[in-house]
Amino acid sequence: MNRSVRSSALPLIQSVDKALAVLHAFGGERRALNLAEIAATAGITKSSAQRFTNTLRQLGYLQRDVHARGWVLSPRVLTIGHAYLAGHTLIEAATSHLLQLNVATGESVSLSEPDDTSMVYVARFPGHQPFLIHMPIGRSLPMFCTAAGRAYLSRLPPEEVTEVLERSKLRPLTSTTVTDKARILDLVNEARELGYSRANQECYRGDLTIGAAVIGQHGRPVAAINISGPTSRWTMEALTQRWAPLLMQTARAASSGMADRIAARQSA
């Protein structure tokens with residue numbers, strides 16, 4: 001979750017904001033943290049960090065790791081994500097199509113949703129052959145340098161695309177990450193024309209990715225589907241030529257399936 005996404009209409013409850021900041025301090029390489037590290041990452045005092053970690057421990061969301069000598073997230077944290085994923089209309093509508101795409105291509109297929117300036121992966125079917133990149137459910141990656149993000153942006157009005165890029169931190173994740181705003185806009189416009197986007201090793205070395213947007217009820221994008229293939233098996237030209245048509249077909253099927261499920265629920 002991006003803490004910068006806040007409503008100006010209602011007052012912010014500081015204690016809730018700080019508690020979530022403590023939970024979000026963990027991630028990536030930061031599996032076990034001491035109080036000083038929690039305080040620094042969450043932007044709170046050490047005494048506040050102590051109070052919040054103790055409260056979260058009593059609620060079951062944090063626990064002590066005696067071997068790492070620090071605090072770690074507990075498995076209970078996953079129940080929050082499960083509550084979101086369970087019964088999710090889009091995931092229900094897309095799963096069978098994602099699986100078919102995965103079987104047809106033999107490569108990794110993912111579904112991601114927007115979260116401010118990032119895309120969060122909510123479903124994934126791994127490739128059938130070895131691929132060293134691990135993309136767990138819940139992983140968040142920037143829109144500007146991912147095929148999924150560019151596919152999503154390509155279906156937004158141009159002024160909204162510009163606004164998202166202005167708020168994004170255009171920092172390189174690999175040596176091939178495109179960080180020039182004009183070039184990113186060119187790639188988004190290309191995706192708008194072609195119906196699919198591409199990213200050449202921009203988040204992970206050796207990862208070639210193409211993406212297509214899933215469209216919601218009112219013609220706006222709600223998610224994106226992407227195929228990832230390693231440079232050991234594909235070139236970008238070969239990946240797009242072989243699988244872009246089927247990717248776009250899958251995205252259209254997922255869009256249609258979601259609309260059908262929403263209509264069925266509304267009429268029930």
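Select Gln201 to begin: this residue lies in the loop between strand E6 (197–200) and strand E7. Helices (H or I, at least four residues) and strands (E, at least two) are DSSP runs, numbered from the N terminus. The model is predicted, so local features need pLDDT of at least 70 and side-chain atom pairs count only at pLDDT 80 or more, while totals for chains, interfaces and linings use all residues. Residues are numbered from 1 along each chain as its sequence is written, and side-chain values use heavy atoms, with hydrogens and water left out.

Is Gln201 buried or exposed? At 14% relative accessibility, Gln201 counts as buried. Buried means under 20% relative accessible area, exposed over 50%, and partly exposed in between (1.4 Å probe, protein chains only). Now look at the backbone: Gln201 is not a glycine, yet its phi is positive, about 55 degrees. Most residues other than glycine have a negative phi.

Next, select Asp116, in the loop between E3 and E4. Asp116 also has a positive phi, near 60 degrees, and is not a glycine.

Move to Thr146, in the loop between strand E5 (140–142) and helix H6 (147–154). Thr146 is buried, with a relative accessible area of 4%. Which residues is Thr146 in contact with? Leaving aside neighbours within four places in sequence, they are Met119, Leu141, Ala199 and Cys203. Contact means heavy atoms within 4.5 Å.

Then colour the largest nonpolar core, which has 28 residues. A nonpolar core is a set of buried Ala, Val, Leu, Ile, Met, Phe, Trp, Tyr and Cys residues joined through side-chain atoms within 4.5 Å. Leu98, Leu111, Ile210, Val214, Ile225, Ile227 and Leu247 touch the most other members. Helix H5 (89–105), strands E3 (108–115), E4 (118–125), E7 (207–215) and E8 (221–230), and helix H9 (236–267) each supply at least two residues of this core. H9 gives the most, with 9 residues.

Stay here and pick Val214. Not counting residues up to four places away in sequence, Val214 touches a set of residues including Leu90, Leu111, Ile225, Ala251 and Met258. A second, separate core has 21 residues, among them Cys145, Val161, Ile184 and Leu187.

Now go to His24, in helix H1 (residues 14–24). His24 is partly exposed, with a relative accessible area of 35%. Draw a line from the C-alpha atom of His24 to that of Thr41: these residues are 17 apart along the chain, and the separation is 8.7 Å.

Ser47 is the next selection, in helix H3 (residues 46–59). At 40% relative accessibility, Ser47 counts as partly exposed.

Finally, zoom out to the protein chain, which has 9 helices and 8 strands. Its radius of gyration (taken over C-alpha atoms) is 20 Å, close to the 18 Å that the globule rule (2.2 Å times the number of residues to the power 0.38) gives for 268 residues, so the chain is as compact as a globular protein of that length. Along its principal axes, the C-alpha trace spans about 55 × 50 × 40 Å. Of the 268 residues, 44% count as buried. Among contacts between residues at least 6 apart in sequence, 57% join residues at least 24 apart.
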